[in-house]
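Please look through the sequence and the model shown here before reading on. The report is meant for a reader who is meeting this structure for the first time.

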Amino acid sequence: MNSRKDIANLIFDKININKEDLKNQFKASKKEIGFFFLDDLLPNEFALEIYKKFPRIEETVKRNSFRELKHTAYQMDKYDALLEEVIYAFQDIRIVKLVGEICEIEEISADEKLYAGGLSLMGKENFLNPHLDNSHDKDRDRWRVLNLLYYVTPNWELENGGNLEIWPKGIKDKQTTIESKFNRLVVMATHQKSWHSVSKVEVDAIRCCVSNYYFSSTPLLNSDTFHVTTFRGRPTEKIKDFVLQIDNSIRQSLRVLFKKGVRENPHQYKK
């Protein structure tokens, strides 16, 4: 069961059985931010095993700024081999094609370099402000079109915080909260309007997530243009929002001048 092929078989079968329901979920939300979620993706005992193999938070890369506070892991050969098998199971060509079909994306591919993907861990007080994901892959050759999030922390409750929030009508309106429920897969479109965030973790526990992105040669929206990861303040964070908009403008200007950035983004798996 621990090989990526075996894991991929389980994931594919579960998604395929629920394909019509997932299509309906995505279609119903597509005009704003297309998404779907699927519970009990893997057998519970196996999902729990994945959780137990997550690295200690001290073994991860801390990202701490006024934009976000979280921990990531992407150099997968440093961690338990099971975690790499799980991540790359989501990149099985059958699963990529099936998810693309559900979301009506004809040409789609995974990212073996895990640019901005891999593992995400969030402890107490960790958060992620409303943002748009970087529009492209590492080399700015392909458009980022889907975000796959698989949550594996057992007994996670809505009240714990650390939940995915999407802002279908923009950050000035009310967000929709999707609980980071144990053994839940969430697939969300990434485009010029797909504002999303993660609420602050309120408890002394670690929310663990397996993350993948899918890419395409064409954007999801005709209006999409290149942009760096773009952060905003929440509706109550007026001053922070002003500062973040200045920060966005500076980083965007630098990326226009330097296509691959001033320095290479370290968040990628170097095998």
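## Basis of the model

This is a predicted model, in which local features need pLDDT of at least 70 and side-chain atom pairs count only at pLDDT 80 or more, while totals for chains, interfaces and linings use all residues. Residues are numbered from 1 along each chain as its sequence is written, and side-chain values use heavy atoms, with hydrogens and water left out.

## Pocket and cavity

On a 1 Å grid over the protein atoms alone, a cavity is a set of points where a 1.4 Å probe fits but cannot get out, whereas a pocket is an open set with protein on both sides within 12 Å along at least five of seven lines; lining residues have an atom within 4 Å of a point. Grid points are joined across faces, edges and corners, and a volume is the space filled by probe spheres set on the points. The second largest pocket has a volume of about 210 Å³. It is lined by 15 residues, of which Lys-30, Cys-103, Glu-104, Ile-105 and Leu-220 are the closest to its centre. Sorted by class, this pocket's lining has seven nonpolar, four polar and four charged residues, where Ala, Val, Leu, Ile, Met, Phe, Trp, Tyr, Cys and Pro count as nonpolar, Asp, Glu, Lys and Arg as charged, and the others, Gly among them, as polar.

A search of the whole structure finds one cavity of 30 Å³ or more, and the largest cavity has a volume of about 60 Å³. Among the 13 residues lining the largest cavity, those closest to its centre are Ser-135, Arg-144, Thr-190, His-191 and Asp-224. The lining of the largest cavity divides into four nonpolar, six polar and three charged residues.

## Salt bridges

Side chains of opposite charge can pair when their charged atoms come close. With a salt bridge taken as a side-chain nitrogen of Lys or Arg within 4 Å of a carboxyl oxygen of Asp or Glu, the count comes to 22 salt bridges. One of them joins Glu-58 and Arg-56 at 3.3 Å, N to O, and both of these residues are exposed; here buried means under 20% relative accessible area, exposed over 50%, and partly exposed in between (1.4 Å probe, protein chains only). Another joins Asp-92 to Arg-94, with the closest N and O atoms 2.9 Å apart; Asp-92 counts as buried at 18% relative accessibility, and Arg-94 as partly exposed at 33%.

In the salt bridge between Arg-142 and Glu-107, the closest N and O atoms are 2.7 Å apart. This pair links distant parts of the chain, 35 residues apart, with Arg-142 in the loop between strand E6 (127-132) and strand E7 (143-151) and Glu-107 in the loop between helix H5 (93-102) and strand E4 (109-110); helices (H or I, at least four residues) and strands (E, at least two) are DSSP runs, numbered from the N terminus.

## Cysteines

No disulfide, meaning a pair of cysteine sulfur atoms within 2.5 Å, is found in a search of the whole structure. Cys-103 has its nearest cysteine sulfur, that of Cys-209, 16 Å away, and Cys-103 is buried with a relative accessible area of 2%.

## Helix H2

The buried residues of helix H2 (residues 19-29) are Lys-19, Leu-22, Phe-26 and Ser-29.
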